[in-house]
Amino acid sequence: METIHFVKIFTYIPELLPFLFVTMEYVILSMFFGSVLGFILALAKLGRNKIWKSLANVYTTILRCTPSIVLLFLLFYSIPVFIKSIFDLDIGSSETMVVVVITFSLFLGASLSEIMRSSYEAIEQGQYEAAMSIGFTTIQALRRIVLPQAFYVALPNIGNTILYLMKEGALAFTIGLVDLMGKGYQINSETLGGYVLEVYIALAIIYWTISIGVERIFKKLEISYGLGSQCVKVSSKINENEKMEGTV
Amino acid sequence: MNIDFHFLQDTFFLALGGVPVTLEITLGSLLFAIPTGFFMAVANLNEIPVLQPLFRTYISFMRGTPMILQIYLIYNLMPSLLNAVSQLLGLSLNIFEVNPILYAFAVFALSETAVLAEVFRSALQTVEKGQFEAAVSIGFSSMQAYRRIVVPQALSAALPVMCNTTTDLIKATSLVFTMSVLDITAIAKTEAGMKLCWIEAYLDIFLIYLLLIITVEQLFKFAECKVRIYKEV
């Protein structure tokens, strides 16, 4: 069995790390556009108009059934054709970063709309009614009472979405984007595949570290953010337990 | 925008020939991952020394690295590993004749194990400890208690999540073309490469996955109805 050059792994890590910014760029941009799209879709799903509602649901189902690499390539090839047929403008081939951001914004729109809808529905109607009863307007009640609680419910899912995006984004190298994975691929072709395993191990270490980091950050956020909102629930649960123990 | 409908139709039926390969990889990985994932979940919940930190690290690694990276790692590591093992055992195994679908099985089984271990862990946690203790108190062995009382109840919590992870698995198998396995994506891509009809080919792949996953979701819905009887209302 060929030996693995462990020293090489550590020389490749600093070479790969600058390209983390490219990865972060599409993660942040896709999160932003995905949230906008997801918000619109969630509004449609929660609204009363049946046509918009079913359209939003169909969109979510279709996107959930599509492998990301398929949409990535589909957009990569069809965007130039599309632009040419509408604006009569020949852009040659697609700008890879734009394709990646559009692809993952479309995916995130679907998943974030589900997260927003379910976390909004997780908040009891009574919370909203109570806010109205003490004289809040609808917007005030949503902004100060319902949405902060819904955000807390959504937090773990948002963390998972960011991790999902980072991992699926690694596929962007297939259309030629030079991000973390793309740089690794480039190094492999430059060294004629001499240190393939070392490069991939270095990449695995980087991705793994970031994943653990993001997970930790979101756990901390959850704890610090949950201080106010969960207090009531936890104490009422304790009371219930005490009562039950009392009766036993 | 002009789409070659003739090509679209022909390739659709050609690429359908890749569906058995996709299903084979999915089912094969699930067959391996369900028992091992369950074992990992039980070991993690019971905090078995040595095994628990080992499994935790494994799960965290598999969940923290991109699928494509795992594929490349195993695809580059396994042949030389297999070669070394076969030489050690004195087998005359020609590494270049190994069907690449074997590597696909290895990759997806390993990553699905990690995913399912987490699914089973949280599903088992939804069953109250009292259920297990009650079963033991009326004379069940812990094996019996798990099989007859805990697992059926945990299943009703696990199935909806398993539906999601299975569809994710099916979608992830579209990456096996990187290991030169001829699945839906690979067949359509080859066809497109010959006639330069990329958009049509990807539309076909898109449609096939859509149909495939909607079918699988319906099957899971059916199964969910079956296990719901274990859930007290």
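A salt bridge here is a side-chain nitrogen of Lys or Arg within 4 Å of a carboxyl oxygen of Asp or Glu. Select Arg117(A) and Glu121(A): their side chains meet in one, at 2.8 Å, N to O. The two are four residues apart in helix α5 (residues 96–122) of chain A, so about one helical turn separates them (helices are DSSP runs of H or I, at least four residues, and strands runs of E, at least two, numbered from the N terminus).

A word on the model: it is predicted, with local features needing pLDDT of at least 70 and side-chain atom pairs pLDDT 80 or more, while totals for chains, interfaces and linings use all residues. Residues are numbered from 1 along each chain as its sequence is written, chains are lettered from A and ligands numbered from 1 in the order written, and side-chain values use heavy atoms, without hydrogens or water.

Next, show both chains. Contact (heavy atoms within 4.5 Å) takes in 33 residues from chain B and 34 from chain A. Which salt bridge joins Glu217(B) to chain A? Pick Glu217(B) and Arg64(A), 2.8 Å apart, N to O. Arg64(A) sits in helix α3 (residues 50–64) of chain A and Glu217(B) in helix α9 of chain B, so the pair joins two chains.

Last stop: Asp168(B) and Lys171(B), a salt bridge with its closest N and O atoms 3.7 Å apart.
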